[in-house]
Amino acid sequence: MSDVVYLTTPIYYPNGPPHLGHAYTTIVADAMARYRRLRGDRVFFLTGTDEHGDKIAQAAAKAGVTPQAMADQNSAAFREAWRRLGISNDDFIRTTEERHQTIVRRILQTLWDKGEIYFGKYGGQYCFGCERYYTETELKDTGGTCPDHETPLTHIEEENYFFKMSRYQDWLIRYIQDRPDLIRPERYRNEILGFLREPLQDLSISRPRTRLQWGIPLPFDDRFVTYVWFDALINYVSALGPLDGEKHLTFWPVVQHLIGKDILKAHGVYWPCMLKAADLPIYTHLEVHGFWRIGGGKMSKSVGNVVEALALSDTYGNDAFRYFLMREMVFGLDADFSEEAFVGRLNADLANDLGNLVSRATTLMATHGGGVARPLVDLGDAELGLKASFATTVESVEGAMEKFAFHAALAAIWEFIAKVNRYVDASAPWALAKSGDTGSRERLEVVLSVLGESLRCLSIVLSPFLPRAAMKMREALGESGDLRLADAAFGGGTKPVRLTASKLSGLFPRVEDKKPGARASARSADDRPGTGLISIDDFGRVELRVAEVVAAEAVPKSKKLLKLTLSLGAETRTVAAGIAEHYAPADLVGKKIVVVTNLQPVTLMGVQSQGMLLAGSAEGRLAVITLDRDLPPGAKVE
Ligand code: ME8
């Protein structure tokens, strides 16, 4: 393994808020970045947002905002989500940034000058959701609908610029065949090789501006914008700055991409061909993981969607959330997400196995350690067994992390935790403390030193996975200074072994009621026998009030939005409401309406909106909810 690494996640579409799937890739990338730093490697860890193309343009049009405003808002939401999850990325790239666009233009110009791009006409079945054409072979089992979106395709015939990808087919097959670990796990390597058995088409890399405005204009023909995938993939290069700069020269040769299986083709086929054509080295590895399914397995559907699933990190804590995702999913395969399974692992692995061990060991050390430190000596068979076992654990973690097998790394660590728990039971330090004779006191010191050493070593190997818990363990042990994997060995610390610690209990509090939502007091499983039902407490979290419309005006450049000034009795608020196609401003002034008042404010077309009014709609008609009797502004609605 090289001692420098550049790790990337996909750059996510900011057409909505971040969700479980985005969080999974970013969390495993973060664990890997932390692990490599722990090894003493130099790491550059990148994530970001993919902001051009139809997807964003369409989502923005639907919301009545500009694509830039939509991208700004959701890109900020991604950044904020990663901050809250404690993600240690070194950079965050947005494809609307100038630093990115400059490099995209440069690479396009180079390929154009080299004759790698030509102007041509293409007709085919196009999916607007995927933003790409489908070949007949790809559609043979779908009856002509998009295999991903299951929606009808549109026949499009248009002139575009094409990248001569087909000429790289033989080269790519050989390149992959010569490198068994280029695309991992193997199933995805086989999928790409299988795909390459069919003739490879050239890639349309532009979209006419008459159809799509939102993109990077081609440097050699500004009637066209760059195809979003051609633009997006280049983020991995553009984030490192100029191609002759120090950062590029250091990190590009050791780039390793992490992606979900949905974007395998773009990364396994388009990207290496693009890099080859641009005379840039190909990535060292493409690490591909499977998909989280919700409600797909036998588990009950307590979490309805991927955004809700991500919110469980707030309910149960970041470390527990990271642990569950990394332990539950075998990297490369699909897995089912459910709150029951999450709570199950939290209680069994984190509260019971790890939390109890830490609590028992630190309590014994705090009570009987006497503030002493001593060399790690007089070890008996049990202690030497633990020492050897930890050395094996570290080897297993290293082997697993080399293959991105996060689940296996954690399983190995938990085997060791189980052994230490058994050691505490078998050596019965509380009995040694009670007996009080010199032999027992000496034996107690050996046991406490081995427990302290076990926790210290555990805190190091756990730190990439459970950064906060690991830090708390180190604080309890009085450890400070840099975390280094090299110190994860019995007797491997820099100082004599401590026998003392501050008591650390409740590292992972048990969720007493195993039913989902037990700790999120607002929810309970019994209130939700099927999907889609919410409890009265869920509903109670939404604050609704009567508001009087005191002023209303159109929002400049927006077809949909009206800016309403609302009186809520004691306060006045502004709300941007998407009702301009149904109401003239004057129709609304004086009306008493119902408003959600505890929504996070958002800015829509330059208007800060501090709430949302309630309205019903059917068959294209919309009606704002008003009162059938008079109530004062500010009155609660429940
Ligand atoms: O495809 N399970 O962005 P995107 C696991 N912008 N991972 C999941 C998931 C799930 N259910 N759903 C999404 C794009 N992901 C492009 C990428 S890169 C140059 C451009 C994760 O917002 C997974 O990493 O649709 C997947 O590859 C990625 O989110 C897709 O994110």
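Start by selecting Ala 309, Leu 310, Leu 312, Ser 313 and Tyr 316 in H11, which meet Asn 318, Ala 320 and Phe 321 in H12; contact here means heavy atoms within 4.5 Å. By class, this contact has six nonpolar, two polar and no charged residues (Ala, Val, Leu, Ile, Met, Phe, Trp, Tyr, Cys and Pro count as nonpolar, Asp, Glu, Lys and Arg as charged, and the others, Gly among them, as polar).

A word on what you see: this is a predicted model, where local features need pLDDT of at least 70, side-chain atom pairs count only at pLDDT 80 or more, and totals for chains, interfaces and linings use all residues. Residues are numbered from 1 along each chain as its sequence is written, and side-chain values use heavy atoms, leaving out hydrogens and water.

Next, colour Tyr 24, Trp 292, Tyr 316, Phe 321, Phe 324, Phe 337 and Phe 342: ring pairs link them into a cluster. Rings of Phe, Tyr and Trp (its six-membered ring) pair if their centres lie within 6.5 Å; planes under 30 degrees apart count as stacked, over 60 as edge-to-face and the rest as tilted.

How many aromatic pairs does the structure hold? There are 39 aromatic pairs. Zoom in on Trp 112 and Tyr 161, an edge-to-face pair with ring centres 5.6 Å apart and planes at 80°. Tyr 161 is buried at 6% relative accessibility, while Trp 112 is partly exposed at 30% (buried means under 20% relative accessible area, exposed over 50%, partly exposed in between, with a 1.4 Å probe and protein chains only).

Finally, select Tyr 118 and Phe 162, a stacked pair with centres 5.6 Å apart and planes at 20°.

Note on methods. Helix = DSSP H or I, 4+ residues; strand = E, 2+ residues; numbered from the N terminus.
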